[in-house]
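Subject: Predicted two-chain model for you

Hi there,

Here is the model I promised to pass on.

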Amino acid sequence: MMSYATKLYALPSLSPRFLPVWRRNLLVWRKLAIASVLGNIADPLLYMLALGYGIGSLIGNVAGMSYIEFIGTGMVCQSAMFTASFEGMYSAFSRMHVQRTWDGIINAPISLDDVVMAEWLWAATKSVMSTTAILLVIMVLGYGHTWLALWVLPVGLLVGLVFGGAGLVMNALAQNYDFFTYFFTLVLTPMLLLSGVYFPVEQMPPALAAVTQFLPLKHAIDLARPLMLGHVPEQAALHVAVLLFYAALAYYAALVLTRRRLLK
Amino acid sequence: MLDDPSPQPSPRERGEGAVASTLDVVLQVDGLRKRYGDNEVVRGLSFTINRGDCFGLLGPNGAGKTTTLRCCLGLIDPDGGSITMVGQPVPKHGREARIRVGVVPQMDNLDPDFTVRENLLIYGGYFGLPRDVLEARIPDLLEFAGLSTKREVGIRTLSGGMKRRLTLARALVNDPELLILDEPTTGLDPQARHLIWDGLRQLLSQGKTILLTTHFMDEAERLATRLAVIDHGVMIASDTPRTLLAKHVEPEVVEVYGDEAKAWADVHGRRLSKRLEISGETAFAYASDPQPMLADLATRSGVRYLHRPANLEDLFIKLTGRELRD
C-alpha cells in the first residue's frame with residue numbers, strides 16, 4: 001500500500017477520461033457564450049482604445065511602434081492572464097466547492113487527477129478564446145501586420161497554462177471567494193505593472209528591470225510583441241521554456257494541493 | 001476472482017430456495033481501517049454484500065459510515081484491510097470498479113447549469129457511454145424518476161424530492177451492478193421519502209444490489225434485507241433485521257409519559273418490565289409479556305402510554321446509547 005505522502009506527491013496519472021469533464025465546461029460555456037465573449041473583448045478593447053489613442057496622442061511612438069500597437073499586444077497577454085486566472089479561481093471554486101460538481105464526477109470512473117487536468121486545460125482554452133477575440137479586433141483595426149500574428153494564439157495558450165495552473169493553486173487553498181483577492185493584489189497587479197504591458201520595462205531602474213526577467217508575463221510579451229509587428233522574436237526558445245516551466249510548476253502544485261484538500 | 005469459501009446467501013435468495021455462488025458477492029470488506037491523525041475512524045470493519053441484497057449500514061453521526069463508503073469507492077486509501085467491489089480490488093482498481101457502481105451522495109451535486117435531461121447525458125459521458133446509448137436510456141430513467149414532463153427544465157426549479165429522484169436516476173445511468181446510497185432521504189418530506197423508497201424497492205425487485213447508509217430506522221426497516229450497526233468505527237451487530245431484533249431487543253415496548261411517568265417508572269415500571277430506560281420525559285418499558293404492566297397502567301392517573309412492538313429504533317438506541325452525537 002502506498003503511503004499517503006507518496007500518493008500525494010505522485011506524478012499525475014493521466015488518462016483520456018479528462019475529456020468529458022473538459023467538454024462539460026465547454027457545454028456550459030456555450031450556453032453563456034455571448035456574454036462571455038463580450039466580456040472577453042469589451043474590457044481590453046476599451047483599455048486599448050482609450051489608452052492607445054488618449055495616451056498615444058501625447059507620447060507618440062514607444063519602442064519603435066505606435067502606442068496603440070504597443071498597448072494592443074499588452075492587452076492580448078493581460079486578457080489571457082486574467083481569463084485563465086479567473087477560470088482557475090472563481091469558476092473552478094464554484095464547481096469544486098459551491099456546486100460540488102467535482103464530487104459527482106469523481107464518483108464516476110474519473111479520478112481527481114483527470115478533473116484537475118480538465119480544469120487546467122479548460123482555463124487555458126478560455127485564454128485561447130479571449131486571445132482570439134482580441135487578436136481579431138486588432139486585425140480588424142489594421143494592426144496585425146503579417147500572418148505571424150497568428151502565433152500569438154499559442155502564446156495565449158501558454159499564458160493560460162501558467163495562470164490557469166496558478167489559479168487552481170489558489171482554488172485548492174481557498175475557503176471562500178474573498179481569498180482570491182490576494183492573488184489579484186499580490187500577483188496579478190504587480191505582474192501587469194512590471195511585465196511591460198503599459199510601458200517598456202527598459203524604462204525602469206535596472207534592478208527592477210532585472211526582476212522582471214522572472215515574471216512569466218514578461219516572457220509572453222517578449223514573444224507576442226514582435227509577432228504582432230511581423231518579426232520572429234529573439235530568444236523565442238528561452239521565452240517558451242520559461243513559460244513551460246512556470247506552467248508545469250503551477251499545474252503540479254495545483255494537483256498536489258487539490259489532492260491534499262479533497263482526497264481525505 | 002472472488003473466492004470467499006462460504007458466502008452467506010441473502011435472505012431473498014434463501015426465500016426462493018436459490019443457492020448463492022461465489023460470484024454473487026458484490027462487495028467484500030475485510031478488516032477495514034482508516035485513521036485521521038490520532039483518530040481512528042474505522043477500526044477493523046468487515047462485511048459482505050451479496051447480489052440482490054439491500055444492505056443497510058446504520059450508525060450515529062460520526063460512526064464511520066461515509067468514510068467506509070469513500071474507501072469502498074477508492075476515493076481515499078484505507079490504512080489497513082482489503083476491499084473487493086464488483087470483482088475489482090479497491091483502491092488499486094477503483095476506477096474499474098466505479099464503472100459498474102452508481103452513487104447517490106449525501107448532498108445533492110446535480111449540475112445546476114444543465115437541464116434534467118442534460119444532467120443524465122453529461123453524467124453518462126463521464127462513464128464513457130456513447131450518446132446514442134444514453135439517449136435511448138434517458139426516457140426510461142426519467143420515467144423511473146417521475147420526471148418525464150421535466151426533461152427540459154433547469155435543475156434550479158426542481159423541488160428537493162425531484163432533485164433526489166434525479167440523483168437516483170443519474171446513479172443508474174451506467175446500469176450499475178451495485179448502487180451506493182449515502183443517507184438518500186435526509187432532508188426530504190414524508191411524501192418525497194416514500195417515492196424514493198418505492199423507487200428503491202422497484203430496483204431491488206429487478207435484482208439490483210444496494211448499499212444504503214441511513215440513520216432513519218423506518219428506512220432501514222422498509223428496505224434492508226441485511227443490517228449492520230456500526231459505532232466508533234466497529235461493527236456492533238450484523239444480521240437480518242428480524243434476527244437482530246429477536247436477538248437484542250424484547251419484543252414489546254410500552255412508552256409511558258405524563259406528569260407521573262417518572263414516579264410510576266421508579267416504583268412499578270422496573271418491577272413490571274424486563275428492562276426500563278428513561279429518556280427525557282418518557283419511560284421506555286421493554287417486556288415479552290406486557291399485559292401485567294398494561295393492566296397496572298390502566299388504573300393509574302397522571303400517566304399516558306403507548307403500547308407498540310419493538311422496532312429497529314429500539315435496537316439502535318440499545319446498541320449505540322441515548323447520548324447525543326454531533
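Residues are numbered from 1 along each chain as its sequence is written, and chains are lettered from A and ligands numbered from 1 in the order in which they are written.

Confidence
The model scores ipTM 0.91 and pTM 0.90. Please be careful with residues 1-21 of chain B, where pLDDT stays under 50. For that stretch the model has 38 contacts beyond four places in sequence; two residues are in contact if their C-beta atoms, placed from the backbone, lie within 7 Å. Where pLDDT is low, the predicted coordinates should not be read in detail.

Chain B
There are 12 helices and 14 strands in chain B, counted as DSSP runs numbered from the N terminus (helices H or I, at least four residues; strands E, at least two). Its C-alpha atoms fill a box of roughly 70 × 50 × 45 Å along the principal axes. Of the 326 residues of chain B, 44% are buried, meaning that 20 or more other C-beta atoms, placed from the backbone, lie within 10 Å of the residue's own.

An open sheet of 6 strands in chain B has the order S6-S7-S8-S3-S9-S10, with mixed pairing; strands pair if DSSP finds at least two bridges between them. S6 (101-104) and S10 (234-239) of chain B each have a single partner strand, so one side of each is left without a neighbour in the sheet. S6(B) runs parallel to S7 (residues 178-182) of chain B, joined by 4 bridges, and B:Gly102 has B:Leu179 as its bridge partner in S7(B). Helix H6 (residues 160-171) of chain B packs on the sheet, touching S6 and S7 of chain B, and its direction makes about 165° with that of S6(B). For these angles, axes are lines fitted to C-alpha atoms, for helices over the stretch in contact, and angles run from 0 to 180 degrees between N-to-C directions.

Elsewhere in chain B, S12 (residues 275-279) and S13 (residues 282-287) pair in the antiparallel sense over 5 bridges. B:Ser279 has B:Thr282 as its bridge partner, and B:Gly280 takes a positive phi near 60° in this hairpin, which has 2 residues between the strands.

Contact between the chains
The contact takes 21 residues from chain A and 19 residues from chain B. On the chain B side, H4(B) gives the most, with 4 residues.

Nonpolar cores
A nonpolar core is a set of buried Ala, Val, Leu, Ile, Met, Phe, Trp, Tyr and Cys residues joined through C-beta atoms within 7 Å. The largest has 149 residues, and A:Cys77, A:Val159, A:Val162, A:Ala220 and A:Ala224 touch the most other members. Helix H4 (residues 67-98) of chain A supplies the largest share of this core, 16 residues. A second, separate core of 14 residues includes B:Val254, B:Val256, B:Ala287 and B:Tyr305.

Best wishes

Notes:
This is a predicted model: local features need pLDDT of at least 70, side-chain atom pairs count only at pLDDT 80 or more; totals for chains, interfaces and linings use all residues. pLDDT is the predictor's confidence in each residue, from 0 to 100. A residue is buried if 20 or more other C-beta atoms lie within 10 Å of its own, exposed if 12 or fewer, and partly exposed in between; C-beta atoms are placed from the backbone.
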